[in-house]
Amino acid sequence: MNITSLGEAGLTKLSKLLDNCSCGWRQLANAAAEQPQFQCSEMELTSCSLQVLKSAGSPARTLLAWLADRGCSVDFLLYCLRKMEHQEALQFLSTTVSEQIKITVQPQSQQASLGSRVVLICRASGPPGLSYQWFKGKEEILHETGSLPELVLCPLGPAHQGYYICRINHGENYIFSMWAHVRLLHSAGSTPGCSSLFPGSVSGLRISQHPQSQLASEGDNLVLKCTAEANPPPQYEWYHNKRPIPDQKTCSLRIPCVTTQHRGEYRCKAFNLYHEAWSETATVKIGPSSVIDASWVEDGRGFDSSEGQRQIHPLPPTASPPSAAKNFYATDKVALLIGNMNYLHHCQLSAPISDVHELTNLLRQMDFKVVSLIDLNCQEMNSAVNEFLLLLDKGVYGLLYFAGHGYENYGNSFMVPIDAPASYTSEHCLCVQNILTRMQEKETGLNVFLLDMCRKRNPNDDLIVKPGTLKVTANIVFGYATCVDAEAYEVKRDDVSNGIFISFLKQHVCQDEKVTVMLDRVAEDMGRCAITRGRQALELRSNLSERRSLTDQIQTSESSESDSARNLQWAVAHVLPESRCLQFDCGVQVQLGFAAEFSNVMVIYSRILEKPAEIETCCAQLTDFPQEVDIDLKKSNQETLFEAGCLLLIKEELPSPEAKSLYTRIRGLQRLRTDLTFTVCLHYTYSNMDEEVQEQLPVTVGKPLVSKLNLHESRMSTSGPAYSCSSFDSAECSSLASDTWTSFGQTSTEFSHADSLTLSRSANMPEETDSPGVFNSPQPLTASKSLPHGHTGEINYKFSDMYNFHSF
């Protein structure tokens, strides 16, 4: 618990006890300095001393406020008071803590059959010596087991039906639990009022499969299952730490790329029109991430090569103390994520696709509107940034993440598109600082740039770019994956590649902390990892003066028109085609479904819904796609998403084992100039014929996802090389917004479907799919790249699983 949990009265009382010279606030500051994050500078200590000049000033209260802002816990404060032997303050704080009782496990409503055994459990944390009292209604239940947190009802009878509550006592202090309802299950047809709706068919509800406790690593995929038997068929709701999980309404709970925030207790509630039942509690523990325990190999010079591979084990993750109370909020939160991998004239990268995907999921959990794009050329990056700027407005939090090749000249950072020539200059790239000046024109509440790229100097570029004058807004944060004139690395693993920066960032990005504090923790973790120490270190540049964090709540502004326009502009890039059924002349019915892997990458799947009995075999394949989109014909119409080249595996709950799907992955949707059209070719054979028969149906699904924004169209002003690809004309932006909204208004049917398909956090899921599943490995790099030449003489080992993002 943070020391702010003591309340203003408790902190004021404690301050009075510490406002003295012999054993007071100065001694507390010295004791707290044992932890680096709590060290106070001489200027801060002097500021505390000057508080005595104020009528109501308190040096100790000022010090405690600073400690609270830096995350000081009550336990650490107790430790410091013991160390300085301040008995009076120690006794006061210990007494205050002992009065705080918190219920950790609430009793749950249950239903069971006659003669069965029901156990109600209530547990609390607090000082030693807690006792428990159970009540049914207003009457206390006296049972042989005494004051225990469990109440056993066995054998269950009609007299046990009712509402139960538990009181937890510590001395004269006590708190009550929530009410739990115990109900008796009736046999078939015995439930009052049931026969008129489901005559003779109503039965009880029984959970046949409970979710199981699991230990997972960060980045893994979590799957919990709960199966119930009932008539009418049951529905499901999932709960994490007693809070309902939205959009999880099936028997399987699937969470891709888990982080430490997913640890805790999970339960499932199964219910129908007449009954409900709760599953057993499954505890999920999250271990270290994949990069920290990545293996590395030395080359044998200077040590015994028989040692072979060594495993790096991090310290176990610790829970972050809650931050102090904040009053900051965003009018909206939007993010543009770009990952460039398949360069035309430079070395290929592996990690950006998984890095963009993982960061997308994390930002969506914090209510960001996210546009995620893979492999953009200069024109497309230019237009994507322009669309991103249209989403910004006063008080909006804007975040730009880029993973790919990059460089830095004269303090300016440049993002390299996939079509940049071999000897590229700023004329072929986007200048990040130019984008920042455009963001400031929108009066944003927070501007965050996360640049996962190299920052080496570009010898081909001697031009000094002069961005527009920056305003003093005190809301800018730059998180660079590496230092100036250094390279960024990605870790090559058998299952999936990750950039080192994202591998550490994903552990902290969802913390309710000031953005700079969160990035400082990322930097500390990178500094403790053996494979990054001395080679890659996060660099933080910021003028953020307020305690704003990425988790701040959204409070919409008074300008409802701008909010609606912003939501529409974001939604236009995330509308999937509606699932549809095709009826062929032979009697076969085929379903087409659509899922978004990224904002410009879509998966189409086809499955046979019905076929006549005389048709023995049949399958529906997709062909004749437009040339603008990128499709690997060898990987189209595959039986699994992995075979189709999709990193994001979606495991579907198929209606029957015979219902198989074929998957086709479409990339580069931003280059689509007209409606997406293709042909569904049905191949089938009759049971009494050997010859295969074909039928074809043309299909048009409109312009899906980001293709509606026409990123291929030029929106660039010719203002000279200083701005190059990152220079835009604001008038053209306004014109673009008007044109885009007008054209989008013509597709009102698709937008009406957007609320259910795309505006939720599961917008990239097929209609029948609960959630995305596990990653599979991208194609491995053919050869490792050595460390920079200047270091090779100093280090006598290499990293077999590390690759440079870029070199010149």
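These legends go through several close-up views of one predicted model. Residues are numbered from 1 along each chain as its sequence is written, and side-chain values use heavy atoms, with hydrogens and water left out. Because the model is predicted, local features need pLDDT of at least 70 and side-chain atom pairs count only at pLDDT 80 or more, while totals for chains, interfaces and linings use all residues.

View 1. Look at strand 27 (residues 446-452) and strand 28 (residues 476-480): they pair in the parallel sense over five bridges. Val448 has Val477 of strand 28 as its bridge partner.

View 2. (Contact means heavy atoms within 4.5 Å; axes are lines fitted to C-alpha atoms, for helices over the stretch in contact, and angles run from 0 to 180 degrees between N-to-C directions.)

**View 3. How do helix 8 and helix 9 pack against each other?** Their axes are 10 Å apart, at an angle of about 25 degrees. That makes helix 8 roughly parallel to helix 9 (angles under 35 degrees count as roughly parallel, over 145 as roughly antiparallel, 65 to 115 as roughly perpendicular and the rest as oblique). Val385, Phe388 and Leu389 of helix 8 meet Ile435, Arg438 and Met439 of helix 9. By class, this contact has five nonpolar, no polar and one charged residues (Ala, Val, Leu, Ile, Met, Phe, Trp, Tyr, Cys and Pro count as nonpolar, Asp, Glu, Lys and Arg as charged, and the others, Gly among them, as polar).

**View 4. Strand 25 (residues 412-415) is covered on both faces.** Asn412 and Phe414 on one side, and Ser413 and Met415 on the other, are all buried (buried means under 20% relative accessible area, exposed over 50%, partly exposed in between, with a 1.4 Å probe and protein chains only). Strand 24 (residues 406-409) runs antiparallel to strand 25, joined by four bridges, and Tyr407 has Phe414 as its bridge partner. The hairpin of strand 24 and strand 25 has two residues between the strands, and Tyr410 takes a positive phi near 50 degrees there. Strand 25 also pairs with strand 26 (residues 430-431), antiparallel over two bridges, and here Met415 stands opposite Leu430.

View 5. The peptide bond from Cys154 to Pro155 is cis, with omega near -10 degrees. Asp247 is not a glycine, yet its phi is positive, at about 65 degrees. Asp247 is partly exposed, with a relative accessible area of 47%. Ala474, in the loop between strand 27 and strand 28, also has a positive phi, near 55 degrees.

Definitions and conventions. Pairing = 2+ DSSP bridges.
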